[in-house]
Amino acid sequence: MDAAEFKQQFLPYHRKLYRTAFRLTENPQEAEDMVQEAYLKLWNKRDELAGVLNTEAYCVTLVKNLCYDALRRSRPDEDGHAPEELNLPTDTNIAREVEQRDEVNQVRRLIGRLPEQQKRVILLRDVNDCSFEEIEQATGLNAINIRVLLSRARKKIREQYNAIMNYESK
């Protein structure tokens with residue numbers, strides 16, 4: 001693969017890769033560094049990428065993994081938070097905004113406690129809006145396994161969240 005083919009195939013994903021990296025790192029410079037590092041890795045392996053069926057999913061997964069590695073190196077995950085940011089719509093009511101932030105943090109903690117495969121699948125599907133095909137590509141799991149893991153993860157989070165909310169309201 002020459003430089004022109006590489007640019008044509010991979011540069012259209014730059015904005016999506018940057019958004020993914022920024023969402024994970026919350027730092028514009030670090031996000032750009034992650035994207036550049038991803039492009040460097042892609043360029044170095046350009047001859048091996050012919051077998052990749054979904055290059056977009058491959059690139060997004062590469063950027064996510066680079067970000068996860070950087071986050072693990074820079075700040076150990078002692079509190080179990082997932083590095084993704086869950087964004088909920090906000091009202092103009094300050095009290096409601098605070099309540100929503102608390103709910104988001106609670107859900108993030110619950111996601112962080114899930115078994116690794118469930119956590120990865122729910123983050124890819126519900127947080128990053130990946131399609132089932134992209135999740136299959138990223139995890140190597142088939143669609144049935146992904147649906148089962150998603151169902152179990154969502155059920156577990158719902159049960160734990162409701163238990164916490166019921167306990168707090170007593």
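Visitor: What should I know before reading the model?

Guide: The model is predicted, so local features need pLDDT of at least 70, side-chain atom pairs count only at pLDDT 80 or more, and totals for chains, interfaces and linings use all residues. Residues are numbered from 1 along each chain as its sequence is written, and side-chain values use heavy atoms, with hydrogens and water left out.

Visitor: How many helices and strands are there in the chain?

Guide: Helices are DSSP runs of H or I with at least four residues, strands are runs of E with at least two, and both are numbered from the N terminus. Here the chain has eight helices and zero strands. Read from the N terminus, the order is α-α-α-α-α-α-α-α.

Visitor: How do I describe two packed helices?

Guide: Two numbers do it: the angle between the axes and the distance between the axes. Axes are lines fitted to C-alpha atoms, for helices over the stretch in contact, and angles run from 0 to 180 degrees between N-to-C directions. Take helix α6 (residues 116–127) and helix α7 (residues 132–139). They pack at an angle of about 145°, and their axes are 10 Å apart.

Visitor: Which hand does the crossing of α6 and α7 have, left or right?

Guide: A crossing is left-handed if the near helix is turned anticlockwise from the far one by less than a right angle, and right-handed if clockwise. The crossing of α6 and α7 is right-handed.

Visitor: Which residues of α6 and α7 meet?

Guide: Contact means heavy atoms within 4.5 Å. From α6 come Arg-120, Val-121, Leu-124 and Arg-125. From α7 come Phe-132, Ile-135, Ala-138 and Thr-139. By type, the residues of this contact are five nonpolar, one polar and two charged. In that count, Ala, Val, Leu, Ile, Met, Phe, Trp, Tyr, Cys and Pro are nonpolar, Asp, Glu, Lys and Arg are charged, and the others, Gly among them, are polar.

Visitor: How many salt bridges are in the whole structure?

Guide: Side chains of opposite charge can pair when their charged atoms come close. The cut-off is a side-chain nitrogen of Lys or Arg within 4 Å of a carboxyl oxygen of Asp or Glu. A search of the whole structure gives four salt bridges. One of them joins Glu-56 to Lys-16, with the closest N and O atoms 3.0 Å apart. Glu-56 lies in helix α4 (residues 55–74) and Lys-16 in helix α2 (residues 14–25), so this pair ties together parts 40 residues apart in sequence.

Visitor: Which residues are linked with Lys-16 in a network?

Guide: Lys-16, Glu-56 and Glu-134 form a network of salt bridges. Lys-16 pairs with Glu-134 at 3.9 Å between the closest N and O atoms. Lys-16 is in helix α2 and Glu-134 in helix α7, so the pair ties together parts 118 residues apart in sequence.

Visitor: Where is another bridge, the one of Arg-154?

Guide: Arg-154 meets Asp-126 in a salt bridge of 2.6 Å, N to O. This pair links distant parts of the chain, with Arg-154 in helix α8 (residues 143–169) and Asp-126 in helix α6, 28 residues apart.

Visitor: Is there a simple scale for burial, and where does Glu-134 fall, buried or exposed?

Guide: Buried means under 20% relative accessible area, exposed means over 50%, and partly exposed is in between (1.4 Å probe, protein chains only). Glu-134 is buried, at 13%. Lys-16 is partly exposed at 29%, and Glu-56 is partly exposed at 25%. Arg-154 is partly exposed at 34%, as is Asp-126 at 35%. Across the chain, buried residues make up 36% of the 170 residues.

Visitor: What is Ala-153 in contact with?

Guide: Ala-153 lies in helix α8. Ala-153 is buried, at 0% relative accessibility. Leaving aside neighbours within four places in sequence, Ala-153 is in contact with Leu-114, Gln-118 and Ile-122. The C-alpha atoms of Ala-153 and Gln-118 are separated by 5.6 Å, though the two are 35 residues apart along the chain.

Visitor: How many disulfides are found?

Guide: A disulfide is a pair of cysteine sulfur atoms within 2.5 Å. The search of the whole structure finds zero. Cys-67 is buried at 0% relative accessibility, and Cys-130 is buried at 8%.
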